[in-house]
Amino acid sequence: MDVQIEIDGGSGFCFGVTTAIKKAEEELAAGKTLYCLGDIVHNSMEVNRLHKQGLITINHEQLKELHNVKVLLRAHGEPPETYELAKRNNIEIIDATCPVVLALQRRIKKTSDESPEGQIVIFGKNGHAEVLGLVGQTHAEAIVVESLEDVKELDFNRSIYLYSQTTKSLDEFHHIIDYIQKHISPKATFKSFDTICRQVANRMPNIAEFATKHDLILFVSGRKSSNGKVLFKECEHVNPNSYQIESANEIDFNWFKDVKTIGICGATSTPKWLMEECRDAILSHE
Ligand code: SF4
């Protein structure tokens with residue numbers, strides 16, 4: 001096709017995911033059997049690439065049945081129970097928890113230990129692996145809020161310690177802070193901790209600028225990725241001619257009628273090679 005294509009240099013894996021994949025590849029290259037608890041990254045194409053190298057993805061139920069093996073914990077982190085189970089089953093843990101997530105887990109545990117009277121509130125997605133790991137630091141007592149509606153259910157007569165899942169939007173987090181500040185009882189304490197990872201947050205303004213530069217945007221990302229959802233929303237916001245695809249197979253060439261420039265970008269979980277495959281599929285199309 002006769003069209004100009006630019007791949008966003010700022011898109012692709014964050015350092016937490018890069019490190020986890022590197023650790024997995026090192027183990028696999030040494031010819032060892034390696035299990036990974038949950039998808040190593042929210043991108044089915046990259047997961048398949050690693051499966052071909054021998055990585056075996058398991059869930060928590062399957063972990064209970066394993067003994068004397070090696071299991072990689074991905075960047076999202078895990079609650080303490082997972083480490084306890086591994087110890088009981090003589091499982092060697094390859095811990096690829098992102099250092100940013102690890103630091104957040106420790107902060108939440110400290111608050112939980114030091115302020116048992118307060119409510120630990122986590123702005124995040126219920127059931128998300130990172131959030132489960134964070135809630136696990138509080139003997140399952142932390143309250144997860146997904147939206148302002150959930151925030152309204154909090155007890156404003158008791159102290160609130162607010163944290164955020166690392167991939168949430170800064171704007172929404174600030175709306176929640178404003179609401180709690182307005183409603184908290186003068187007798188209670190309110191503290192908020194901005195724990196949003198800038199690897200993601202900084203991509204918002206960058207991707208918005210990129211998306212405005214092109215006639216059409218192809219956003220390449222697994223649909224399960226949280227930050228993929230946030231970043232795609234931003235692309236659509238500044239450029240309604242944006243499409244989310246998981247791979248080159250999903251490209252509909254009818255989209256490109258009257259289009260002169262295409263921008264290809266993606267989430268922090270999108271491999272560069274996948275964006276390049278999409279570019280090549282367009283360029284080689286008659
Ligand atoms: S987005 Fe940030 S916190 Fe999450 S894995 Fe990547 S670097 Fe770590």
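This is a predicted model: local features need pLDDT of at least 70, side-chain atom pairs count only at pLDDT 80 or more; totals for chains, interfaces and linings use all residues.
Let me start with overall size: the protein has 286 residues, for which a compact globule would have a radius of gyration near 19 Å, and the 21 Å found here agrees with that. The radius is taken over C-alpha atoms, and the globule rule is 2.2 Å times the number of residues to the power 0.38.

Residues are numbered from 1 along each chain as its sequence is written, and side-chain values use heavy atoms, with hydrogens and water left out.

Along the principal axes, the C-alpha atoms fill a box of roughly 65 × 50 × 25 Å. The protein contains 12 helices and 12 strands, where helices (H or I, at least four residues) and strands (E, at least two) are DSSP runs numbered from the N terminus. Of the 286 residues, 53% count as buried; buried means under 20% relative accessible area, exposed means over 50%, and partly exposed lies in between, with a 1.4 Å probe and protein chains only. If we take the contacts with a separation of 6 or more, 71% of them come from residues 24 or more positions apart, a contact being heavy atoms within 4.5 Å.

Now to one helix. Helix H11, residues 226-238, has 13 residues and reaches 19 Å from its first C-alpha to its last, close to the 18 Å expected at 1.5 Å a residue; that expected span is 1.5 Å times one less than the number of residues. Which residues of H11 are buried? They are Ser226, Asn227, Gly228, Val230, Leu231, Phe232, Glu234 and Cys235. As a general point, an α-helix has 3.6 residues a turn, so residues three or four places apart point the same way. The cover over the buried residues of H11 includes helix H9 (198-201), helix H10 (203-212) and strands S10 (216-220), S11 (242-245) and S12 (261-266).

Leu104 sits in helix H5, residues 99-114, and it counts as buried because its relative accessibility is 3%. Leaving aside neighbours within four places in sequence, Leu104 is in contact with Glu130, Leu134, Tyr163, Ser164, Thr166 and Thr195. Gln62, in helix H3, residues 60-65, is partly exposed, with a relative accessible area of 38%. Gln62 and Leu37 are 25 residues apart in sequence, and their C-alpha atoms are 9.1 Å apart in space.

Finally, please look at two loop residues. Where does His139 lie? His139 is in the loop between helix H6 (129-135) and strand S7 (143-145), and its phi is near 55 degrees, a positive value in a residue other than glycine. At 66% relative accessibility, His139 counts as exposed. Asp258, placed in the loop between S11 and S12, has a positive phi of about 65 degrees although it is not a glycine, and with a relative accessible area of 78% Asp258 is exposed.
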